[in-house]
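Colleague: I'd like to learn how to read pockets in a model. Can you walk me through it?

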Amino acid sequence: MSIWSRITDALSALAKGETLSDVFAHLRTPPERSAGFAIAVIALGAKMAKADGLVTRDEVSAFREVFDIPESEEKNAARLFNLARTDVAGFELYAQKVAAMFGPDDPALCDLMEGLFHIAIADGEYHPAENDFLQHVSEIFGIAPRKFRALRSRLVPDAHPDPYDVLGVTPDTPLEEIRKVWRSEVRESHPDRMLARGVPEEAVKLAEKRLIAVNRAWEEISKGRS
(Lines give C-alpha, C1' and ligand atoms only; values in the text may rest on other atoms or scores of the structure.)
Protein backbone atom coordinates (compact mmCIF):
# COMPACT_ATOMS: atom_id res chain seq x y z
CA MET A 1 0.00 0.00 0.00
CA SER A 2 1.44 3.38 -1.01
CA ILE A 3 1.81 6.36 1.27
CA TRP A 4 -0.99 8.13 -0.57
CA SER A 5 -3.29 5.15 -0.14
CA ARG A 6 -2.71 5.42 3.60
CA ILE A 7 -3.41 9.15 3.46
CA THR A 8 -6.66 8.35 1.64
CA ASP A 9 -7.53 5.98 4.51
CA ALA A 10 -6.82 8.77 6.97
CA LEU A 11 -9.13 11.08 5.07
CA SER A 12 -11.82 8.40 5.20
CA ALA A 13 -11.44 8.38 8.98
CA LEU A 14 -11.93 12.13 8.96
CA ALA A 15 -15.12 11.71 6.96
CA LYS A 16 -16.39 9.39 9.72
CA GLY A 17 -16.02 12.11 12.34
CA GLU A 18 -12.46 11.90 13.59
CA THR A 19 -10.49 15.14 13.79
CA LEU A 20 -7.23 15.56 11.91
CA SER A 21 -5.30 15.81 15.16
CA ASP A 22 -6.83 12.48 16.29
CA VAL A 23 -5.65 10.77 13.11
CA PHE A 24 -2.03 11.24 14.20
CA ALA A 25 -2.63 8.92 17.16
CA HIS A 26 -3.19 5.99 14.76
CA LEU A 27 0.02 6.53 12.82
CA ARG A 28 2.77 5.87 15.36
CA THR A 29 4.30 2.70 13.94
CA PRO A 30 5.72 1.69 10.52
CA PRO A 31 4.53 1.63 7.83
CA GLU A 32 1.76 3.99 8.94
CA ARG A 33 4.30 6.38 10.47
CA SER A 34 5.55 7.41 7.02
CA ALA A 35 2.00 8.47 6.17
CA GLY A 36 1.89 10.30 9.49
CA PHE A 37 5.06 12.17 8.53
CA ALA A 38 3.53 13.27 5.22
CA ILE A 39 0.25 14.30 6.86
CA ALA A 40 2.17 16.23 9.52
CA VAL A 41 4.17 18.21 6.95
CA ILE A 42 1.08 19.01 4.89
CA ALA A 43 -1.11 19.83 7.90
CA LEU A 44 1.46 21.96 9.75
CA GLY A 45 2.49 23.52 6.44
CA ALA A 46 -1.12 24.54 5.89
CA LYS A 47 -1.25 26.08 9.35
CA MET A 48 2.02 27.91 8.66
CA ALA A 49 0.68 29.19 5.35
CA LYS A 50 -1.90 31.06 7.40
CA ALA A 51 0.80 32.48 9.66
CA ASP A 52 1.97 35.07 7.13
CA GLY A 53 -1.63 35.76 6.07
CA LEU A 54 -1.33 34.48 2.50
CA VAL A 55 -1.25 31.09 0.84
CA THR A 56 0.84 31.51 -2.30
CA ARG A 57 1.09 29.27 -5.33
CA ASP A 58 4.79 28.82 -4.51
CA GLU A 59 3.97 27.47 -1.06
CA VAL A 60 1.49 25.01 -2.50
CA SER A 61 4.03 23.99 -5.16
CA ALA A 62 6.58 23.41 -2.41
CA PHE A 63 4.56 20.43 -1.24
CA ARG A 64 5.10 18.89 -4.66
CA GLU A 65 8.86 19.32 -4.22
CA VAL A 66 8.87 17.70 -0.78
CA PHE A 67 6.53 14.90 -1.87
CA ASP A 68 6.08 13.35 -5.30
CA ILE A 69 2.29 13.62 -5.45
CA PRO A 70 0.78 11.40 -8.15
CA GLU A 71 -1.75 13.15 -10.35
CA SER A 72 -4.39 10.73 -9.12
CA GLU A 73 -3.78 11.85 -5.52
CA GLU A 74 -3.67 15.62 -6.06
CA LYS A 75 -7.27 16.04 -4.92
CA ASN A 76 -6.59 14.15 -1.69
CA ALA A 77 -3.49 16.22 -0.96
CA ALA A 78 -5.42 19.43 -1.63
CA ARG A 79 -8.28 18.24 0.54
CA LEU A 80 -5.90 17.49 3.41
CA PHE A 81 -4.25 20.90 3.04
CA ASN A 82 -7.60 22.70 3.11
CA LEU A 83 -8.89 20.64 6.04
CA ALA A 84 -5.88 21.64 8.11
CA ARG A 85 -6.01 25.25 6.97
CA THR A 86 -9.68 25.65 7.97
CA ASP A 87 -9.69 23.42 11.06
CA VAL A 88 -10.52 25.42 14.18
CA ALA A 89 -7.86 23.51 16.13
CA GLY A 90 -4.72 25.56 16.62
CA PHE A 91 -1.33 24.56 15.27
CA GLU A 92 -0.11 23.95 18.82
CA LEU A 93 -2.48 21.00 19.17
CA TYR A 94 -1.29 19.62 15.82
CA ALA A 95 2.34 19.97 16.86
CA GLN A 96 1.66 18.26 20.20
CA LYS A 97 0.00 15.31 18.45
CA VAL A 98 2.90 15.02 16.00
CA ALA A 99 5.45 15.16 18.81
CA ALA A 100 3.59 12.37 20.62
CA MET A 101 3.45 10.31 17.42
CA PHE A 102 7.25 10.30 17.06
CA GLY A 103 8.34 10.59 20.68
CA PRO A 104 11.01 12.80 22.33
CA ASP A 105 14.39 13.27 20.64
CA ASP A 106 13.30 11.41 17.49
CA PRO A 107 15.46 12.63 14.56
CA ALA A 108 12.36 12.44 12.35
CA LEU A 109 11.10 15.61 14.06
CA CYS A 110 14.10 17.51 12.68
CA ASP A 111 13.42 15.96 9.26
CA LEU A 112 9.87 17.25 9.54
CA MET A 113 11.11 20.73 10.49
CA GLU A 114 13.26 20.74 7.35
CA GLY A 115 10.14 20.11 5.27
CA LEU A 116 8.42 23.05 6.95
CA PHE A 117 11.41 25.32 6.36
CA HIS A 118 11.37 24.29 2.70
CA ILE A 119 7.74 25.36 2.44
CA ALA A 120 8.36 28.61 4.36
CA ILE A 121 11.03 29.83 1.93
CA ALA A 122 9.28 28.60 -1.22
CA ASP A 123 7.96 32.07 -2.07
CA GLY A 124 11.44 33.60 -1.78
CA GLU A 125 10.76 35.30 1.54
CA TYR A 126 11.20 34.08 5.10
CA HIS A 127 8.46 35.98 6.90
CA PRO A 128 8.92 36.88 10.61
CA ALA A 129 5.56 35.26 11.34
CA GLU A 130 6.82 32.04 9.76
CA ASN A 131 9.94 32.18 11.90
CA ASP A 132 7.81 32.61 15.03
CA PHE A 133 5.60 29.71 13.92
CA LEU A 134 8.54 27.38 13.27
CA GLN A 135 10.30 28.34 16.47
CA HIS A 136 7.15 27.61 18.48
CA VAL A 137 6.67 24.26 16.72
CA SER A 138 10.30 23.32 17.40
CA GLU A 139 9.81 24.10 21.09
CA ILE A 140 6.75 21.83 21.20
CA PHE A 141 8.82 19.15 19.45
CA GLY A 142 11.46 19.50 22.16
CA ILE A 143 14.15 20.62 19.71
CA ALA A 144 16.93 22.55 21.45
CA PRO A 145 17.27 26.25 20.51
CA ARG A 146 20.79 25.68 19.16
CA LYS A 147 19.49 22.87 16.92
CA PHE A 148 16.70 25.12 15.65
CA ARG A 149 19.22 27.83 14.81
CA ALA A 150 21.33 25.24 12.99
CA LEU A 151 18.34 24.15 10.89
CA ARG A 152 17.52 27.76 10.06
CA SER A 153 21.14 28.53 9.13
CA ARG A 154 21.23 25.55 6.77
CA LEU A 155 17.92 26.15 5.05
CA VAL A 156 17.12 29.86 5.04
CA PRO A 157 19.10 31.56 2.24
CA ASP A 158 21.93 33.76 3.46
CA ALA A 159 24.89 35.27 1.65
CA HIS A 160 27.32 33.51 3.96
CA PRO A 161 25.86 31.53 6.88
CA ASP A 162 28.08 31.08 9.92
CA PRO A 163 29.53 27.55 9.59
CA TYR A 164 29.43 27.09 13.37
CA ASP A 165 25.72 27.89 13.41
CA VAL A 166 25.14 25.47 10.55
CA LEU A 167 26.64 22.62 12.59
CA GLY A 168 25.12 23.81 15.86
CA VAL A 169 28.49 24.29 17.58
CA THR A 170 30.52 27.28 18.79
CA PRO A 171 33.96 28.61 17.85
CA ASP A 172 35.16 27.32 21.22
CA THR A 173 34.18 23.72 20.43
CA PRO A 174 37.26 21.49 19.91
CA LEU A 175 37.79 20.49 16.29
CA GLU A 176 37.46 16.78 17.10
CA GLU A 177 34.04 17.39 18.65
CA ILE A 178 32.97 19.37 15.60
CA ARG A 179 34.15 16.50 13.42
CA LYS A 180 31.90 14.13 15.42
CA VAL A 181 28.91 16.43 14.93
CA TRP A 182 29.58 16.65 11.21
CA ARG A 183 29.93 12.87 10.85
CA SER A 184 26.73 12.35 12.84
CA GLU A 185 24.82 14.74 10.57
CA VAL A 186 26.13 12.97 7.46
CA ARG A 187 25.26 9.58 8.94
CA GLU A 188 21.73 10.66 9.89
CA SER A 189 21.23 12.02 6.36
CA HIS A 190 21.71 8.62 4.76
CA PRO A 191 18.50 7.50 3.00
CA ASP A 192 18.45 4.16 4.82
CA ARG A 193 18.60 5.88 8.21
CA MET A 194 15.85 8.30 7.22
CA LEU A 195 13.57 5.55 5.93
CA ALA A 196 14.15 3.54 9.10
CA ARG A 197 12.88 6.38 11.28
CA GLY A 198 9.69 6.82 9.29
CA VAL A 199 10.57 9.47 6.72
CA PRO A 200 8.70 8.50 3.55
CA GLU A 201 10.78 7.70 0.50
CA GLU A 202 9.23 10.67 -1.29
CA ALA A 203 10.72 13.05 1.30
CA VAL A 204 14.24 11.62 1.63
CA LYS A 205 15.45 14.24 -0.84
CA LEU A 206 14.99 16.77 1.97
CA ALA A 207 18.45 15.70 3.14
CA GLU A 208 20.17 16.96 -0.01
CA LYS A 209 20.33 20.59 1.12
CA ARG A 210 21.30 19.50 4.62
CA LEU A 211 24.27 17.51 3.32
CA ILE A 212 25.47 20.34 1.12
CA ALA A 213 25.27 22.80 4.02
CA VAL A 214 26.96 20.63 6.67
CA ASN A 215 29.73 19.51 4.32
CA ARG A 216 30.44 23.09 3.31
CA ALA A 217 30.45 24.19 6.96
CA TRP A 218 32.85 21.41 7.99
CA GLU A 219 35.18 22.19 5.10
CA GLU A 220 35.23 25.88 6.02
CA ILE A 221 35.85 25.22 9.71
CA SER A 222 38.50 22.54 9.20
CA LYS A 223 40.40 24.68 6.71
CA GLY A 224 40.20 27.67 9.02
CA ARG A 225 41.59 25.61 11.91
CA SER A 226 44.44 24.16 9.86
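Colleague: By class, how many nonpolar, polar and charged residues does the lining of the second largest pocket have?

Modeller: Keep in mind that this is a predicted model. As for the general idea, rolling a probe the size of a water molecule over the atoms shows where empty space is left. Here, the lining of the second largest pocket splits into 9 nonpolar, 2 polar and 5 charged residues.

Colleague: What volume does the second largest pocket have, and which residues are the closest to its centre?

Modeller: The volume of the second largest pocket is about 270 Å³. There are 16 lining residues, and Ser153, Arg154, Pro161, Ala213 and Arg216 are the closest to the centre. At least two lining residues come from each of α9, α10 (163-167) and α13 (207-225). The largest share is that of α13, with 6 residues.

Colleague: Okay, how about the largest pocket: how much space lies in it?

Modeller: About 350 Å³. It's lined by 20 residues, with Asp105, Asp106, Pro107, Cys110 and Lys147 the closest to the centre. The elements giving two or more residues to this lining are α7 (107-120), α9 (145-155) and α11 (175-188).

Colleague: Which element gives the most to the lining of the largest pocket?

Modeller: That's α7, with 5 residues.

Colleague: And what does the lining of the largest pocket have by class?

Modeller: You'll find 10 charged residues there, along with 8 nonpolar and 2 polar ones.

Technical notes: Residues numbered from 1 in each chain as written. Predicted model: local features only at pLDDT ≥ 70, side-chain atom pairs only at ≥ 80, totals over all residues. Heavy atoms only, no water. 1 Å grid on protein atoms, 1.4 Å probe; cavity = no way out; pocket = protein on both sides within 12 Å on 5 of 7 lines; lining within 4 Å. Points joined across faces, edges and corners; volume = space filled by probe spheres on them. Helix = DSSP H or I, 4+ residues; strand = E, 2+ residues; numbered from the N terminus. Nonpolar A, V, L, I, M, F, W, Y, C, P; charged D, E, K, R; others polar.
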